[in-house]
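Reader: Before I rely on the labels attached to this model, I would like to go through them with you and hear what stands behind each one.

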Amino acid sequence: MTPRTVTLIEGDGIGPEICASVEKVFQAAGVPIVWERAIAGLAAIEQFGNGVPPETFASIKRNKVALKGPTTTPVGGGHKSVNVTIRKSLDLYANVRLARSMPAVQTKFDNVNILVVRENIEDTYAGIEHWQTPNVAQCLKLITREGSMHAIRYAFEEARKLGRKRVTCVHKANIHKITDGLWLEVFRQVAAEYTDIVADDIIVDNCCMQLATRPEQFDVLVLPNLYGDIVSDLCAGIVGGLGVAPGGNIGTEYAVFEAVHGSAPDIAGKGLANPTALLLSGIQMLQYMGLVGYATAIQDALANTLASGVRTRDLGGMATTEKFTEAIIAHLHPVTDTGTVVVTKPSVAGSAAASTVTEEWDLVGADVFVKYGDGIPAMPEKLGKFTLKLQSNRGTKVWPPSGLSILLVDHYRCRYVSAEPVEHADVLELLAGVTEAGFSWMHVELLHQTKSGEARYSKAQGE
Ligand code: NAI
């Protein structure tokens with residue numbers, strides 16, 4: 001079989017040690033892969049002043065697939081996380097993690113096998129944050145139809161490919177009615193195309209409670225970015241912690257596989273690192289590449305090694321990284337079904353077009369956010385075409401007076417509405433009027449409604 005070239009990023013801390021372990025096991029199993037080394041992380045920052053140099057991106061783009069060791073994110077200094085940079089730059093829209101019970105890794109549950117698919121780009125991770133006043137900070141939670149569609153469709157495709165039976169959508173649409181509501185709406189649309197797979201949904205808090213008590217009930221979970229970040233670590237903990245948690249970041253063109261854990265600087269260079277999570281990530285990569293026979297052989301060797309009692313210190317054993325690696329190699333059986341090298345690209349064809357909605361909206365008002373620290377501001381009740389409908393503080397209506405006794409901060413949302421559709425120019429006049437009345441505004445959101453009068457914005461608490 002002609003070998004495929006795969007980018008290998010060793011990373012920082014224990015990265016080189018665990019990468020060396022994976023290389024040795026792959027070589028012993030005869031995996032038809034040639035590694036192309038590329039750098040990222042601290043070494044790249046020292047050499048190029050940049051955590052991910054252009055050569056590394058070029059290598060991943062050329063080879064399409066990469067295995068990455070953990071990289072250290074320097075605190076301060078403005079260095080962005082290497083992982084976030086790689087994820088966003090290559091549009092790796094789905095983070096896929098397998099939480100599966102391992103033999104000899106003692107946990108409270110022994111029959112867990114959950115595939116966690118996390119949307120990887122948007123949500124609060126779009127990184128759109130602003131100080132509104134010296135006392136109020138804001139982060140935009142951005143959920144898009146297309147972004148949700150990509151991650152959710154990938155979850156269903158993986159479920160089908162792996163013979164899984166059920167995909168559960170995790171959300172908080174009872175509170176985030178518009179953003180998580182859109183996520184759930186897209187999930188239901190996609191689910192309708194996969195009639196062979198059971199589709200259901202669960203609110204994220206209940207999901208966590210269920211995971212802590214009966215994790216065996218879940219098959220595939222698909223989550224927006226923030227819940228996915230947290231819940232996937234919870235799932236890792238359920239099956240034995242970060243030392244055994246693999247992951248992959250998948251896009252339409254490229255895929256980067258890496259362990260969930262970090263660079264563990266406290267144990268770097270001491271021969272104490274557990275290579276299991278990176279090896280499992282490598283196994284996930286082999287499955288992605290269609291090299292299923294090799295993936296199974298290495299998986300079996302790893303399972304049998306753990307079952308034989310050979311373990312690294314983090315799992316309660318005595319083996320060094322090297323001895324553990326040697327034991328895995330000793331447990332390898334010959335690979336009979338070698339599979340064929342095919343990179344199974346996620347099938348999202350047509351989904352962007354199918355997911356784009358065009359809807360005519362009227363502009364009917366604006367939420368003007370003002371900084372005011374001296375009680376409820378006496379905003380003008382009429383300004384041009386607009387009438388002041390309400391003011392809220394931290395989302396709760398405080399004007400017209402509600403009689404509520406709540407903590408007021410120096411950040412008010414003033415909702416101005418018009419009975420008739422207005423133009424952008426009218427909103428600019430409204431803002432000028434707010435300024436002339438002596439108020440300082442820092443942020444404005446337009447209020448739209450559909451032609452049939454359905455509001456495209458949320459109501460305030462108490463509105
Ligand atoms: P960490 O995951 O590196 O370490 C947490 C604890 O787990 C440490 O006690 C460590 O010794 C242990 N540990 C982690 N992996 C292990 C392994 N394979 N075998 C045995 N023990 C292991 O998390 P921490 O300390 O918060 O982060 C260290 C650095 O790693 C930071 O700079 C962080 O930004 C970076 N990081 C990088 C990630 C990546 O590249 N994917 C992911 C998470 C953190």
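Reader: Which residues are linked in a network of salt bridges?

Author: This is a predicted model, and in it Glu10, Glu23 and Arg37 are linked in such a network.

Reader: What makes the contact between Glu23 and Arg37 a salt bridge?

Author: The label asks for a side-chain nitrogen of Lys or Arg within 4 Å of a carboxyl oxygen of Asp or Glu. The closest N and O atoms of Glu23 and Arg37 are 2.7 Å apart, so the pair meets that cut-off. The pair also links distant parts of the chain, with Glu23 in helix α1 (residues 15-29) and Arg37 in strand β2 (residues 33-38), 14 residues apart. In general, side chains of opposite charge can pair when their charged atoms come close.

Reader: Why is Arg37 called partly exposed?

Author: The relative accessible area of Arg37 is 48%, and the term partly exposed covers values between the buried limit of 20% and the exposed limit of 50%, so Arg37 is placed in that class.

Reader: How many salt bridges does the structure hold, and how do you know that Arg188 and Asp201 form one?

Author: The structure holds 24 salt bridges. Asp201 counts as partly exposed because its relative accessibility is 34%.

Reader: What makes Arg413 and Asp367 a salt bridge, and why are both residues called buried?

Author: Their closest N and O atoms are 3.0 Å apart, and since the limit is 4 Å, the pair qualifies as a salt bridge. Arg413 lies in strand β17 and Asp367 in strand β13 (residues 361-371), so the pair ties together parts that are 46 residues apart in sequence. Buried means under 20% relative accessible area; Arg413 is at 11% and Asp367 at 4%, so both residues carry that label.

Reader: Which residues does the cis peptide bond join?

Author: The bond joins Trp399 and Pro400, with omega at about -5 degrees. Pro400 is in the loop between β16 (396-399) and β17 (412-417). Leu404 lies in the loop between β16 and β17 as well.

Reader: Why is Leu404 called exposed, and which residues make the nonpolar surface patch?

Author: The relative accessible area of Leu404 is 52%, over the 50% that the term requires, so the label exposed applies. The patch of about 310 Å² is made by Ile376, Leu404, Ile406 and Leu408.

Reader: How many cavities does a search of the whole structure find, and what lines the largest?

Author: The search finds 2 cavities of 30 Å³ or more. The largest cavity has a volume of about 60 Å³, and its lining includes Leu98, Met102, Val239 and Gln299. Strand β4 (residues 94-100) gives the most to this lining, with 3 residues. By class, the lining has 7 nonpolar, 1 polar and 1 charged residues.

Reader: What can be said of the second largest cavity?

Author: About 40 Å³ of space lies in the second largest cavity, and among the residues lining it are Arg97, Ser232, Cys235 and Ala245. β4 and α8 (225-238) each supply at least two residues of that lining, which divides into 6 nonpolar, 1 polar and 1 charged.

How values were computed. Residues are numbered from 1 along each chain as its sequence is written. This is a predicted model: local features need pLDDT of at least 70, side-chain atom pairs count only at pLDDT 80 or more; totals for chains, interfaces and linings use all residues. Side-chain values use heavy atoms; hydrogens and water are left out. Helices (H or I, at least four residues) and strands (E, at least two) are DSSP runs, numbered from the N terminus. Patches are made of residues with over 30% relative accessible area and no salt bridge: like charges are joined within 9 Å, nonpolar side chains (Val, Leu, Ile, Met, Phe, Trp, Tyr) within 5 Å. Accessible areas come from the Shrake-Rupley method with a 1.4 Å probe; for residues, only the protein chains shown count as cover. Buried means under 20% relative accessible area, exposed over 50%, partly exposed in between (1.4 Å probe, protein chains only). On a 1 Å grid over the protein atoms alone, a cavity is a set of points where a 1.4 Å probe fits but cannot get out, and a pocket is an open set with protein on both sides within 12 Å along at least five of seven lines; lining residues have an atom within 4 Å of a point. Grid points are joined across faces, edges and corners, and a volume is the space filled by probe spheres set on the points. Ala, Val, Leu, Ile, Met, Phe, Trp, Tyr, Cys and Pro count as nonpolar, Asp, Glu, Lys and Arg as charged, and the others, Gly among them, as polar.
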